[in-house]
Amino acid sequence: MKLSRPISKQPPETIVALIDVVFFLLVFFMLIGRMDATAPFDVTPPSAETGADMPSGGITVSVSAAGDFAVDGLAVADGALNEVVAQGLSASAETLVRINAHRDTELRHVLPLVSRIEGLGAKDVVLVVTPEATPPIP
């Protein structure tokens, strides 16, 4: 008696390799694509001036890392800040206010301060910055 082996069928082509290729393409295009929103117009960020002399006159508002305020070296409560700044602006012929914030001060303390000062009549608001130390040229 002769037994014959059943004819084995070829396994169907798997699409696992194709799925891998599609996945890699998806990841590739997600990485190189722009995910941020772009403005409908050209936006050029401002440039900071470092090393320039500080303008004289006006008043200086200091902000601590914790968000406490001082005007011309005297500590001021947040509720009295508007009144003290308004008095300083009216006493000075200058309408300049310098904001000297600690480097660890959160932005949520500084930005509303700029709006408050401009609302009090300050024409110029200057943010005091410290330039990074540049290495000496050999």
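View 1. Of the 138 residues in the protein chain, 17% count as buried (under 20% relative accessible area, with exposed meaning over 50%, 1.4 Å probe, protein chains only). The model is predicted: local features need pLDDT of at least 70, side-chain atom pairs count only at pLDDT 80 or more, and totals for chains, interfaces and linings use all residues. Residues are numbered from 1 along each chain as its sequence is written, and side-chain values use heavy atoms, leaving out hydrogens and water.

**View 2. The order of elements.** The protein chain has three helices and five strands (DSSP runs numbered from the N terminus: helices H or I, at least four residues; strands E, at least two). From the N terminus, they run α-β-β-β-α-β-α-β.

View 3. H2 spans residues 81-91. Leu81, Val85, Gly88 and Leu89 are buried here. The buried residues of H2 pack against strands E1 (59-63), E2 (69-71), E3 (74-76) and E4 (96-101), and against helix H3 (107-119).

View 4. Leucine 96 lies in strand E4. Leucine 96 is buried, with a relative accessible area of 5%. Leaving aside neighbours within four places in sequence, its contacts (heavy atoms within 4.5 Å) include Pro55, Ile59, Leu89 and Val126. Glycine 57 is 39 residues from leucine 96 in sequence, and 7.0 Å away in space, C-alpha to C-alpha.
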